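Start with the view below.

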Amino acid sequence: MDWKEINSENDINDLLKTFGGFHDGVLREMHLWNDYYVDEDLRMDSGDGMLNAKVLFQRQGKEPSVIEIIFLGIDKINIVSTPPNYWYMIFDATWVYKEGLYYWAEVGDWEIEDNSVTWLSSQNIKWRSVDGWLGSKLRYGSSR
């Protein structure tokens with residue numbers, strides 16, 4: 001499926017509707033990267049220095065069951081791990097656009113920068129359906 005860019009409140013609402021508000025979903029994987037690197041001559045380069053993330057979500061619903069979201073130009077990420085033997089599931093997600101940033105949080109009625117839950121903020125977002133990616137297989141790397 002082609003990538004769909006989020007450019008408006010309507011785009012956010014369409015994604016929430018398409019993916020059932022993330023209900024009965026999980027954040028399965030996350031891959032982070034930036035433009036900093038060391039070249040073959042051991043020189044540092046920064047590119048534009050932006051931090052980005054690909055995030056894979058799965059849910060117990062069809063069409064789509066799995067989506068991949070790319071957060072470009074990340075401002076902040078807050079990750080909260082679940083305790084051992086805890087059943088993790090997203091029941092409702094929050095999407096907010098404020099002062100040039102899109103915020104996604106794994107709970108509904110989330111207040112910006114409430115660090116008790118996992119959330120991300122970034123300048124740009126795009127997403128696509130990847131329904132063939134259900135199951136335990138990791139798509140962004142190995143488990144070890």
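## Terms and model

Buried means under 20% relative accessible area, exposed means over 50%, and partly exposed lies in between. The model is predicted.

A salt bridge here needs a side-chain nitrogen of Lys or Arg within 4 Å of a carboxyl oxygen of Asp or Glu. By this rule the count is four salt bridges. Side chains of opposite charge can pair when their charged atoms come close.

## The network around Arg43

Which residues are linked in a network of salt bridges? They are Asp39, Asp41 and Arg43. Arg43 pairs with Asp39, with the closest N and O atoms 3.4 Å apart. Arg43 also pairs with Asp41, where the closest N and O atoms are 3.2 Å apart.

Is Asp39 buried or exposed? Asp39 has 18% relative accessibility, so it counts as buried. Asp41 has 53%, so it counts as exposed.

## The Glu113–Lys76 pair

Glu113 forms a salt bridge with Lys76. The closest N and O atoms of this pair are 3.3 Å apart. Glu113 sits in the loop between β8 (101-105) and β9 (119-129), and Lys76 in strand β6 (residues 66-78), so the pair ties together parts that are 37 residues apart in sequence.

How accessible are the two partners, and what do they count as? Glu113 has 35% relative accessibility and therefore counts as partly exposed. Lys76 has 36%, so Lys76 counts as partly exposed.

Terms used
Residues numbered from 1 in each chain as written. Predicted model: local features only at pLDDT ≥ 70, side-chain atom pairs only at ≥ 80, totals over all residues. Heavy atoms only, no water. Buried < 20%, exposed > 50% of the residue type's maximum accessible area, 1.4 Å probe, protein only. Helix = DSSP H or I, 4+ residues; strand = E, 2+ residues; numbered from the N terminus.
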